[in-house]
Protein chains: 2
Amino acid sequence: MLDERERQIERRITELKKGAGSHSPSIFSLLSAIPELQITVDACFLSNPYATDLFMKYFQKEVLDTGKLRSLLEYYPTQNRPLASVLSPVLRVPPQNILLGNGAVEIIQALIHRFVKKKMLVVLPTFSPYYEFARPDTEVIFFVLEKTHDFRLDVKAWLRMIDQEKPDTVILINPNNPDGGYLSQQELRDMLSALSPVEQIILDESFIHFAHEDNTYHLISYRELCQEFPHLITVKSMSKDFGVAGIRAGYAIMAEEKVKQLLQNGYLWNISGIAEYFFRLFARSEFQEEYEPLRIRYIQEMQEFYCLLTKISGIKVYPSRSNFFLVELLQREAEEVAMELLIRYGIYIRGCGDKKGLEGNFIRVASRKAEENRLIAQALQQVLN
Amino acid sequence: MLDERERQIERRITELKKGAGSHSPSIFSLLSAIPELQITVDACFLSNPYATDLFMKYFQKEVLDTGKLRSLLEYYPTQNRPLASVLSPVLRVPPQNILLGNGAVEIIQALIHRFVKKKMLVVLPTFSPYYEFARPDTEVIFFVLEKTHDFRLDVKAWLRMIDQEKPDTVILINPNNPDGGYLSQQELRDMLSALSPVEQIILDESFIHFAHEDNTYHLISYRELCQEFPHLITVKSMSKDFGVAGIRAGYAIMAEEKVKQLLQNGYLWNISGIAEYFFRLFARSEFQEEYEPLRIRYIQEMQEFYCLLTKISGIKVYPSRSNFFLVELLQREAEEVAMELLIRYGIYIRGCGDKKGLEGNFIRVASRKAEENRLIAQALQQVLN
């Protein structure tokens with residue numbers, strides 16, 4: 001339990017959270033508002049820290065050491081279409097199907113505001129912008145994943161609901177956030193075929209770099225399916241797999257007509273100079289070759305972290321194919337545990353009290369570097385005992 | 001006239017321009033596509049280079065030297081509302097009236113897509129997104145500034161047009177882009193009073209830091225008028241006056257209800273970590289105190305540049321209260337002169353052949369540092385002789 005000094009800090013954190021809406025306040029705003037907080041591990045933040053190391057290595061060598069930083073900050077960056085051509089070879093998708101965004105969330109906003117007609121189906125729990133961004137004239141219907149089924153999507157029941165409700169747009173995140181539930185490549189392909197009457201399917205694969213179906217850990221993506229299924233839109237954040245959330249970089253693959261429609265009256269200079277550098281780097285094979293073993297190492301450490309977490313008593317860790325674990329607290333209140341972890345141990349995790357469709361006491365814990373994962377597990381154990 | 005080698009470069013530039021739509025390709029894309037180009041002065045780029053120097057000095061000291069860069073690139077930035085509170089004291093506007101944007105252009109897009117009802121009035125020539133971003137169901141009507149009146153807005157005729165056409169939205173840029181025409185504080189206040197039946201007035205003051213009514217050069221802004229005129233929306237790019245276009249930072253001041261409506265279903269994490277650092281720096285009085293003399297120095301050098309340009313024969317330089325000059329070529333073709341300046345002298349200026357509402361051979365020349373301005377004037381003189 002927290003003492004009086006800690007209670008005071010808790011009240012200030014609660015205040016700050018109100019300002020951040022249904023998202024966690026950034027570590028940046030936390031630390032600038034409450035400087036006496038000591039954050040040891042940010043396990044709220046769903047990113048691969050090894051990838052950040054790699055990016056910083058290139059950035060140091062190619063931007064800082066060469067004196068090129070000023071030009072990235074001073075000059076107007078390149079527009080969307082020429083950058084799409086830079087990304088086309090590495091994504092193996094024609095440039096006219098690519099839209100770059102100021103974070104995936106800018107594109108999610110565009111899709112939901114511009115392309116949803118009347119009704120969309122969202123699977124719960126989810127990344128909240130998928131329903132919060134709905135226009136006032138859009139009806140949002142929910143398909144709720146069952147805790148008793150480990151949050152696995154019951155594909156048949158879901159397809160039945162689509163058949164009955166006839167939404168024009170359906171949204172899937174794979175692996176899903178916040179539970180990490182995963183649909184295999186075979187399942188997804190079958191679903192896409194069954195979904196042909198739906199006008200558009202938004203498939204968010206922001207966490208797909210962490211998914212794995214076997215221990216070859218080969219990189220999975222459905223973005224190339226946009227050619228086969230023209231109503232499929234894949235959305236991809238770069239913040240998670242490349243650990244560069246502050247840069248704001250994401251993209252989506254969709255029908256040429258849709259890209260054209262969006263660029264026709266918007267999205268000018270929406271990619272900053274630093275994000276442009278990142279995208280150009282991402283497109284280079286030497287970077288991809290260095291990144292790949294770091295991606296696999298991170299997945300393997302995630303799996304070790306899962307084992308560590310499952311040994312802690314008083315919790316249930318749900319199966320995940322992503323870089324975070326949804327953890328149910330069987331005897332304690334979630335926000336209370338989150339606060340104690342943060343204030344006393346400097347471990348920042350996400351309490352899921354505000355996650356729609358999630359009944360019970362849940363926290364979401366991101367996997368970080370192996371040594372940080374050990375600190376998270378230790379602190380959680382101590383708080384719960 | 002260009003020789004064969006130069007002609008080849010010209011063809012590649014023309015190709016690149018197609019990809020950039022109605023905006024100039026960035027110096028970045030120019031140089032990466034055509035490495036044999038040597039750009040000495042980017043006089044296409046409308047920014048205060050002394051302000052960039054100042055920003056870089058702070059960035060070096062506070063971000064690079066302290067090792068804080070990684071956290072700006074790695075972590076999620078702060079959301080719009082808490083950042084609005086940071087800006088509120090320096091803007092002297094309540095936080096609930098402030099929206100921060102990924103560049104002013106993101107906000108321009110939001111305003112035109114979300115708040116224009118059926119009909120909007122745009123003054124020509126203008127910054128093209130003001131009409132290009134119109135929704136397909138919006139009627140855009142134009143009020144064309146007359147060359148014979150030095151592109152000064154005929155306020156009476158403009159008010160008459162509003163009275164007849166009854167647009168729900170009117171757009172003004174002050175000083176105007178690309179001619180630098182300026183409406184005084186008294187004129188603007190009178191117009192705002194006369195415009196009360198219009199639902200909203202979008203006033204873009206992205207170049208207002210360069211405006212001046214006398215040689216005290218005091219900083220002018222109309223943003224505080226949003227309290228007095230609730231239908232007024234002021235838009236502000238930070239790229240020009242602070243010389244940080246690559247960072248993508250802008251804001252707008254508007255009725256609380258409008259900010260609420262936009263943030264309710266969008267604009268999550270739209271400010272990058274670097275832009276957040278910039279906004280927090282901008283809000284500090286020590287930065288403002290160092291910036292102010294650089295702003296005035298830049299205006300004074302702009303005025304000297306105007307004198308230099310007016311001495312060149314074969315051109316007419318239109319009066320401007322901003323950091324650029326609209327120059328009419330009386331005997332030569334504009335794109336031809338722009339190409340020769342770029343390819344032979346490394347001087348990048350903007351040909352205005354694609355500017356709607358501008359009949360004749362016009363180029364737009366930005367004012368840079370004094371020594372660069374001399375290079376621009378010299379090269380222009382040589383090309384024209």
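A: The largest pocket holds about 660 Å³ of space. This is a predicted model, where local features need pLDDT of at least 70 and side-chain atom pairs count only at pLDDT 80 or more, while totals for chains, interfaces and linings use all residues. Residues are numbered from 1 along each chain as its sequence is written, chains are lettered from A and ligands numbered from 1 in the order in which they are written, and side-chain values use heavy atoms, with hydrogens and water left out.

On terms: a pocket is an open set of points on a 1 Å grid over the protein atoms alone, where a 1.4 Å probe fits and protein lies on both sides within 12 Å along at least five of seven lines; lining residues have an atom within 4 Å of a point. Its volume is the space filled by probe spheres set on the points, which are joined across faces, edges and corners.

Now the lining: 28 residues make it up, and A:H113, A:R114, B:Q109, B:H113 and B:R114 lie nearest the centre. By class that's 9 nonpolar, 12 polar and 7 charged (Ala, Val, Leu, Ile, Met, Phe, Trp, Tyr, Cys and Pro count as nonpolar, Asp, Glu, Lys and Arg as charged, the others, Gly among them, as polar). At least two residues each come from α6 (104–114) and α10 of chain A, and from α6 (104–114) and α11 (256–264) of chain B. The top contributor is α6(A), with 6 residues. Helices (H or I, at least four residues) and strands (E, at least two) are DSSP runs, numbered from the N terminus.

Contact here means heavy atoms within 4.5 Å; axes are lines fitted to C-alpha atoms, for helices over the stretch in contact, with angles from 0 to 180 degrees between N-to-C directions.

Those strands sit in an open, mixed sheet of 7, ordered β2-β8-β7-β6-β5-β3-β4 in chain A. With a single partner strand each, β2 (98–101) and β4 (139–144) of chain A are the edges, so one side of each has no neighbour in the sheet. Neighbouring strands are turned by 20° against each other on average, direction ignored. Within the sheet, β7 (232–237) and β8 (250–253) of chain A pair antiparallel over 4 bridges (pairing takes at least two DSSP bridges), and A:T234 stands opposite A:I253 in β8(A).
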